[in-house]
Amino acid sequence: MNLLSVSTSITSRWAGFYTRKLPAAQRDDRLSEIESDLWEHASCGRHDDRSEADIAFEILLRMLKGVPADLLWRRTVALRAAGHRAGTAPAPFSKGATDVLKRVLIAVANAIAVAGGAFLIINALGSGLIDGSEADMVFFAIEALGGLMLIIGVFYARSSPRIGAWLMVGGALLTAVWHFWAWFLFVPPAMLVIVGAIAGLQSRRPAGGAPA
Amino acid sequence: MRRKEGVLLPIELDILEAGLELLRSGDPDFHGFGIAKRIQSREGARNLTSHGTLYKALGRLAESGMLESRWEDPNAAAEEQRPRRRLYRVSGLGERAYHKAMLEQPGKAPILRLDPS
């Protein structure tokens, strides 16, 4: 197994994933085109005496940059297929790759919230929450509060999605603001936790109503 | 935000322009990777067009009639021991759409003009 075969395998698997459950004609056409493209890409790269690592990287980059377009294409094809089956205007698209990605996002956000929250609490306990100066105790108390909100929010979200989401969002915001001096470390994961919390809240809403 | 009906995206214009160059050169058929390479070398771009963007654009152009598409003869591919290619060529409608789009861009004129025949 080499880098090139790994990259073509990943790209083919991605194509298989976002074309699953689509009408056979469109699915087969897309898979065959991708297969042809991968072969042509590798062949062209070898002809130009490029390294396999170079070709592999380029293939993966093309795949990754095209993910949004792949998902939009899938949505279009699925909506048309649903419209044809129903004989009416296409029904809202609510299943498939978008749901899977949403679940992955929520899982990653929850993991970051729990791990980050635990880190904040442990750091606060070890750094001066208990036996530090008054200023230290205040600082680390707020740090620990942010961590607690994150952890409690993740577990509360199961029984009470709204409260759980608010706790996660609050904990993330508090942590990001309280550590503004290291914003580059805290803001990205905080944003991910906030987006994941909102996505989790939306996914737990009862079915019906206007589509997202 | 939905885009306006009939408006061509930059990638679609690039495909039509590269396809018309091939048409003019007497070798009108192209496949996805081939046109991506051609666009890359014409534009001096660092990277090839992504799979998703490229095949979505090709599909849209084919559906709207601006490109004609067909799968190549399986025997031709088998002889060269490679997967078969989906071949495209710019249609008359595609040529007119390209010229119209270029004329509507201020300060620009179409690069290619083909004989009416």
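**Salt bridges between chain A and chain B of the predicted model.** Four salt bridges link the two chains. One pairs Arg80(A) with Glu63(B), and their closest N and O atoms lie 3.2 Å apart. Polar contacts between chain A and chain B involve seven residue pairs, both members at pLDDT 80 or more.

**The side of chain A that touches chain B.** Helices α2 (24–47), α3 (52–65) and α4 (67–86) of chain A each supply at least two residues to this side. The most come from α2(A), with 13 residues. By residue class, the side divides into twelve charged, ten nonpolar and five polar.

**Extent of the contact between the chains.** Chain A contributes 27 residues and chain B contributes 25 residues. About 2,200 Å² is buried between chain A and chain B. Carbon and sulfur atoms give 57% of that area. Glu33(A), Glu40(A) and Arg62(A) supply 30% of the area that chain A buries against chain B.

**The largest nonpolar core.** This core has 44 residues. Those touching the most other members are Leu8(B), Ile15(B), Leu16(B), Phe30(B), Leu58(B) and Leu67(B). Helix α1 (residues 10–25) of chain B gives the largest share, seven residues.

**Surroundings of Leu16(B).** Neighbours within four places in sequence are left aside here. Leu16(B) is in contact with Leu8(B), Leu61(B), Met66(B) and Leu67(B), and also with Val90(B), Gly94(B) and Tyr98(B).

**A separate core.** Another core, of 15 residues, lies apart from the largest one. Its members include Met168(A), Ala172(A), Phe186(A) and Val193(A).

Key
Residues are numbered from 1 along each chain as its sequence is written. Chains are lettered from A and ligands numbered from 1 in the order in which they are written. This is a predicted model: local features need pLDDT of at least 70, side-chain atom pairs count only at pLDDT 80 or more; totals for chains, interfaces and linings use all residues. Side-chain values use heavy atoms; hydrogens and water are left out. A nonpolar core is a set of buried Ala, Val, Leu, Ile, Met, Phe, Trp, Tyr and Cys residues joined through side-chain atoms within 4.5 Å. Buried means under 20% relative accessible area, exposed over 50%, partly exposed in between (1.4 Å probe, protein chains only). Helices (H or I, at least four residues) and strands (E, at least two) are DSSP runs, numbered from the N terminus. Contact means heavy atoms within 4.5 Å. Buried area is the accessible area (1.4 Å probe) that two parts lose on being put together, summed over both. A salt bridge is a side-chain nitrogen of Lys or Arg within 4 Å of a carboxyl oxygen of Asp or Glu. A polar contact is a pair of N or O atoms within 3.5 Å; within protein, one must be able to donate a hydrogen and the other to accept it, and residues adjacent in sequence count only if both atoms are side-chain atoms. Ala, Val, Leu, Ile, Met, Phe, Trp, Tyr, Cys and Pro count as nonpolar, Asp, Glu, Lys and Arg as charged, and the others, Gly among them, as polar.
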